[in-house]
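Visitor: I am new to this structure. Please take me through one part of it closely, and then show me what lies around it.

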Amino acid sequence: MAGMSFSFAALLDRPDIWRGQVLSRAGTPTVPCGFPGLDAELPGRGWPAGALTEILPAHEGIGELRLLGPALAGLSRRGLRLVWIAPPHLPYAPALAAAGIDIANLVIVRTASPKETLWATEQALASNACGAVLAWPQGAKYAELRRLQIAAEGGRAPAFLFRAPEAAGESSPAPLRIALGTSDGGLAVCVLKRRGAPLARPILLPPMPPAVRSKTHHVDRHSAAPAAARDFFARFVHA
Amino acid sequence: MAAAAALALAPALRVARRDPATETEALLGVAGWAAQFTPGVALEFPDGVLLEVSGSLKLFGGLESLLERLRRGLAEMGWSSVLAGAPTPRAAFWLALAGKQKFIGESAELEPVLAALPLEILRCNDETLAAFEAIGVRTLGELRALPREGVARRFGQGPLAEFDRALGRLPDPRNFFVPPAGFRAALSLPAEVTQAGALLFAARRLIVQLAGFLAARSGGVQRFSLRLKHRDRTATEIAIGLVAPSRDAEHFTLLLRERFAGLELAEPVREIALRAEDIVPLAGNNLELLLEEGRAPGDWARLVERLRARLGSEAVCGIASHAEHRPERAGVIADIGEKQLQLDFGERPFWLLDRPRPLAEIEAVPHHDGPLELLVGPERIESGWWDGDDVARDYFVARMQNEALVWIYRERRGEGGWYLHGVFA
């Protein structure tokens, strides 16, 4: 009997088997996300490498990139390429550099259709030549995401798919799914799916708004701001 | 046989005119490809290529393995071939000409084998052949059995001297083939092609030839072009650029496939021509001593090439920050891996809009899905008067009703107004 229980324990020790109450141990390597509170709740204590992570922000601009900032900064400083596929706007170099990302390792892939986006993402994941892949697919279907997951498997790159919040209602092959909302100016990270027990409450990350700076002026040619505008600023800035 | 007689026997026969120039070009192409196996390549016009391989056998893992490579490569280029080997070039060529896939290692074994070959392999004119026939001589052996002087008097020294060269009794010097500096090869298609798939199949033949040509020179190319010639003498040019020099036929084929996928052929294609000029030295690859665990890291250059081949070369790019106050010039699209300066800007958003979007202003408050709350600012940016593209703006970090943070500015010139310029994602 002893031998049998031993083999059973060995079976449970397999990284690809997880029990309901316990977080899965790292079957695949992970990349620390840089927020201790969030790392503690992610299997393997970080973003999974070689797997899809879906990020579903409630809307644009609530901190979906700041959430990845520390991980991307670490990867890029190790000389690994960050490939951004079909981003919705121009990734702004001054801000990314200020966040510690080595922008010489940032590569943008612009596509003309959602199909091309999926194709390029699959190529980037299958090549295993990237440090991280960020993609903004439009209306991807389960089968298409499954292809991406298979392409990512065994690779070293974490793959982040940014999708619309409505996608939370659809099933997905991604082993980690995260919805983002706001709460008191901070970022509320809701782990919709992970390898392990579901997480009931969102993780609140401290507010990460841009630091309040004193008024900075870049004036090459002197000109006085009109008085009306100055009054206007006073109303808002010092309110 | 006359063409009319041949057509009577086989009505489906396609008659093609023999084109010596094309044949020579093809032979030179094969020679250029075969030079990867040995530096000693000689030509036997119009259809023979001689390779001096005794020094190459060890490198290529023995005769069988070398022959396998030769056969596969020739088949991939679309040629049918007869391979034969012997201690002397002439004997090897004769064996091949007679259709005998024989490999003779010892000079002593040569004579009986050659003696059995028909006289046609001497490639003398029809009259001479008829004369041999008339005296009952059909094989080299029978010719050799005749009194030497008599044969020399009637047919000249030629045939007997050839035989002596084949046996190695007379010297048989050859000029080695010198590959040209650049690669050019063309292929007429047997039928007009409209499908990209069929085109790739044909292009593959030229690509194999190119890869062999490059291997012979231990070189690689960073760009090559495929020209598709149409019926009306117009042509479509497909230029392929690589991130790093390569000579890998599979990789070249892959890039062409991606390019063909997005290709609309206006006209059917009659002929394709492959060209590669700037050949750069390229060392062979060493294999890893120890294989790493998991999947090996992929080849970054290849990924970029694949993406560019399908999406266009502009589609894959990097970003850079410049020492500029104007936000749209401070962060721009750039070449991948451009050298970066460390610059300190103010608070900047992760996303910059392609062009500022005008915002509604209601009771002096800017609106974007509801009123915006100004958090940080103003940061005055006034710059660029020297190039006529100057800006005068006051930037703010603003919070939307849904708590998203945006970067907006107030235009300080003209009609003023508020604009959305970035998103703090």
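Guide: The crossing of helices H10(B) and H11(B) is right-handed. Bear in mind that this is a predicted model. H10 covers residues 196-216 of chain B, and H11 covers residues 249-261 of chain B. Their axes lie 9 Å apart. The angle between the helices is about 150 degrees. Angles over 145 count as roughly antiparallel, so H10(B) is roughly antiparallel to H11(B).

Now the residues that meet. H10(B) brings Ala196(B), Leu199(B), Leu200(B), Ala203(B), Arg204(B), Ile207(B), Val208(B) and Ala211(B). Facing them from H11(B) are Ala249(B), Phe252(B), Thr253(B), Leu256(B), Arg257(B) and Phe260(B). By class, the residues of this contact are 11 nonpolar, one polar and two charged.

Next, the contact between the chains. Chain A gives 54 residues to it, and chain B gives 59. On the side of chain A, several elements supply two or more residues, among them strand S5 (90-91), strand S6 (106-109), helix H5 (114-127) and helix H7 (227-237). Helix H4(A) gives the most, with six residues. This side of chain A has 29 nonpolar, 16 polar and nine charged residues.

Three bridges join S6(A) to strand S8 of chain B, residues 316-321. The two strands run antiparallel. In this pairing, Val109(A) stands opposite Val316(B).

Note on methods:
Residues are numbered from 1 along each chain as its sequence is written. Chains are lettered from A and ligands numbered from 1 in the order in which they are written. This is a predicted model: local features need pLDDT of at least 70, side-chain atom pairs count only at pLDDT 80 or more; totals for chains, interfaces and linings use all residues. Axes are lines fitted to C-alpha atoms, for helices over the stretch in contact, and angles run from 0 to 180 degrees between N-to-C directions. Helices (H or I, at least four residues) and strands (E, at least two) are DSSP runs, numbered from the N terminus. Angles under 35 degrees count as roughly parallel, over 145 as roughly antiparallel, 65 to 115 as roughly perpendicular and the rest as oblique. A crossing is left-handed if the near helix is turned anticlockwise from the far one by less than a right angle, and right-handed if clockwise. Two residues are in contact if their C-beta atoms, placed from the backbone, lie within 7 Å. Ala, Val, Leu, Ile, Met, Phe, Trp, Tyr, Cys and Pro count as nonpolar, Asp, Glu, Lys and Arg as charged, and the others, Gly among them, as polar. Two strands pair if DSSP finds at least two bridges between them.
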